[in-house]
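Me: I am new to this one. Please show it to me, and then I will ask how you know what you say.

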Amino acid sequence: MMSGIPGTAVIQITNLSAAVSGEQMRTLFGFLGDIEELRLYPPDNAPLSFSSKVCYIKYREPSSVGVAQHLTNTVFIDRALIVVPCAEDD
């Protein structure tokens, strides 16, 4: 298991462009595994403008987390993504 948090199926993606949509994140990270849940903050319909966004993705399989981490430093829109394993908050 390569991830820093054993067994977690959740990743946190930071340094996201404010222009990113939930649909774009689902498309990009959906290639790496089945997404059970995706949360983008602030959401697509947020009234205020923000300089950046944060996305949380929960995969069906924890093995997808290690794969997703390889997308760190991938430039998406105008920023290099930062992908880290994240403890589940249940």
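Reply: This is a predicted model. The protein has two helices and six strands. Along the sequence they follow the pattern β-α-β-β-α-β-β-β.

Me: Why is the protein called as compact as a globular protein of that length?

Reply: Its radius of gyration is 12 Å. The globule rule gives 12 Å for 90 residues. The two values are close, so the protein counts as that compact. Its C-alpha atoms fill a box of roughly 40 × 25 × 20 Å along the principal axes.

Me: What makes Cys55 buried or exposed?

Reply: Buried means under 20% relative accessible area. Cys55 has 0%, so Cys55 is buried.

Me: And what makes Cys86 buried or exposed?

Reply: The value for Cys86 is 18%. That is under 20%, so Cys86 is buried too. Across the protein, buried residues make up 36% of the 90 residues.

Me: How do you know whether Cys86 is bonded to Cys55 or too far away?

Reply: A disulfide needs two cysteine sulfur atoms within 2.5 Å. The sulfur of Cys86 is 11 Å from that of Cys55, its closest cysteine sulfur. The structure holds zero disulfides.

Me: What share of the contacts with a separation of 6 or more joins residues 24 or more positions apart?

Reply: Such residues account for 68% of those contacts.

Methods: Residues numbered from 1 in each chain as written. Predicted model: local features only at pLDDT ≥ 70, side-chain atom pairs only at ≥ 80, totals over all residues. Heavy atoms only, no water. Helix = DSSP H or I, 4+ residues; strand = E, 2+ residues; numbered from the N terminus. Rg over C-alpha atoms; globule rule 2.2 N^0.38 Å. Buried < 20%, exposed > 50% of the residue type's maximum accessible area, 1.4 Å probe, protein only. Contact = heavy atoms within 4.5 Å.
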